[in-house]
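Student: I have a protein structure open and would like to work through it. Can we take it step by step?

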Amino acid sequence: MSFIDRFFKLREENDVPKPFLEHLEDLRKMIIKMVITLVVAMIGCFFYRKELLAIAQRPLKEVDPNLIGSLLTLGVAEPFMISIKLAFYAGIVVSFPLLLFFLAQFVVPALTRNEKKYVFTAITVGFGLFLLGVLVCYFYLLPQTLHFFFNDAKTVGLNPSWTATQYFSFVTHFIIAFGLCFELPVVVLSLVSLKLISYPFMAATRPYAVVLLMVFAAIIAPTPDVITFLSFSAPLCLLYEACIWLAWLIERRNKQRELEPTVEP
């Protein structure tokens, strides 16, 4: 078996429970695969750093076209370090499906045959939602947020001069964090499909879940201001509410299947 085959091969099932140290070894292999994949993707993205810098600055055009190319660099090595950071975050986006796949490699052997059929569907949907969150943030939410902060500074009589490090750090954290927020439906619906949580449980604990989601939004938001906090917490709460009704549909469908008469061959 070639190295590539072994690299992407799912772990084999074993009826005999593995010792704890063997599970740690499997976890170590999964982490190594993720790191290797992320480093390779990062190196590949680094060769396109000029394009990445241009893409990251595009939202500034919605604020003021004169801002493009006017970001300040205050250190000798600052442009190079910014390129590395952009390549890292771009590598996360590019390699995200493989990162989910390696996570599935670790989880699949612990699932039943009925549960395994949901894994690759969850990977596909998970990447689609992550990409959707990234695109929604990049094309709509991020320009609106930058526009608000720029105009707010003008309103109080300040001249906003943003440094390159601060700007690119804000943009990358904002986009990646928002993309990860869109993974909430995959997490919740996977737990529903595995019957670890149910629609009645989610409906009954809605107030507590909203508080937890708002705390989570406050943690992952790149800045502590109210606008950024609301930009993260509001979509999270809406996504959770959508998950509650999707859970209701899933459970309803499962009950209908259980009530259908079994046709013997």
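**Overall make-up**

Student: What share of the 265 residues in the protein is buried?
Tutor: First, the ground rules: this is a predicted model, where local features need pLDDT of at least 70, side-chain atom pairs count only at pLDDT 80 or more, and totals for chains, interfaces and linings use all residues. Residues are numbered from 1 along each chain as its sequence is written, and side-chain values use heavy atoms, with hydrogens and water left out. Buried means under 20% relative accessible area, exposed over 50%, and partly exposed in between (1.4 Å probe, protein chains only). Of the 265 residues, the buried share is 35%.

Student: How many helices and how many strands does the protein have?
Tutor: Both come from DSSP runs, numbered from the N terminus: helices are H or I with at least four residues, strands are E with at least two. Along the sequence the pattern reads α-α-α-α-α-α-α-α-α-α-α-α. The count is zero strands and 12 helices.

Student: How much of the accessible surface belongs to carbon and sulfur atoms?
Tutor: Accessible areas come from the Shrake-Rupley method with a 1.4 Å probe; for residues, only the protein chains shown count as cover. The protein's total is about 16,400 Å². The carbon and sulfur part is 69%.

Student: Among contacts between residues at least 6 apart in sequence, what share joins residues at least 24 apart?
Tutor: Contact means heavy atoms within 4.5 Å. Take the contacts between residues at least 6 apart in sequence. The share that joins residues at least 24 apart is 82%.

**Helix α3**

Student: Where do the buried residues of α3 lie, seen down its axis?
Tutor: Helix α3 covers residues 49–57, and its buried residues are L52, A56 and Q57. The arc is that of the directions from the helix axis to the C-beta atoms. Here the buried residues fall within an arc of 130°, so they line one face of the helix.

Student: Is Q57 buried or exposed?
Tutor: Q57 sits in helix α3. Beyond its neighbours within four places in sequence, Q57 is in contact with I68, G69, L71, Y167 and F168. Its relative accessibility is 14%, so Q57 counts as buried.

**The nonpolar core**

Student: Which residues touch the most other members of the largest nonpolar core?
Tutor: A nonpolar core is a set of buried Ala, Val, Leu, Ile, Met, Phe, Trp, Tyr and Cys residues joined through side-chain atoms within 4.5 Å. The largest one holds 55 residues, and those touching the most other members are L142, F168, V188, M202, F232 and Y240.

Student: Which elements give two or more residues to this core?
Tutor: In soluble globular proteins, nonpolar side chains tend to be buried together. The contributors to this core are α4 (60–63), α5 (78–107), α7 (119–155), α8 (164–181), α9 (184–193), α11 and α12.

Student: Is L236 buried or exposed?
Tutor: L236 is in helix α12. Apart from neighbours within four places in sequence, L236 is in contact with C181, L184, L213, F216 and A217. At 2% relative accessibility, L236 is buried.

Student: Is L238 buried or exposed?
Tutor: L238 also lies in helix α12, residues 226–259. At 64% relative accessibility, L238 is exposed.

**Cysteines and charges**

Student: How many disulfides are there?
Tutor: A disulfide is a pair of cysteine sulfur atoms within 2.5 Å. By this rule the count is zero. For C181, the nearest cysteine sulfur is that of C137, at a distance of 9.2 Å.

Student: Is C181 buried or exposed?
Tutor: The value to check is relative accessibility, which is 2% for C181. That makes C181 buried.

Student: Which side chains meet in a salt bridge?
Tutor: A salt bridge is a side-chain nitrogen of Lys or Arg within 4 Å of a carboxyl oxygen of Asp or Glu. A search of the whole structure finds one. It links distant parts of the chain, helix α12 and helix α11 (residues 206–220), with the partners 35 residues apart. At 2.8 Å, N to O, the partners are E241 and R206.

Student: What is the relative accessible area of R206?
Tutor: E241, at 27% relative accessibility, counts as partly exposed. R206 is partly exposed too. Its relative accessible area is 26%.
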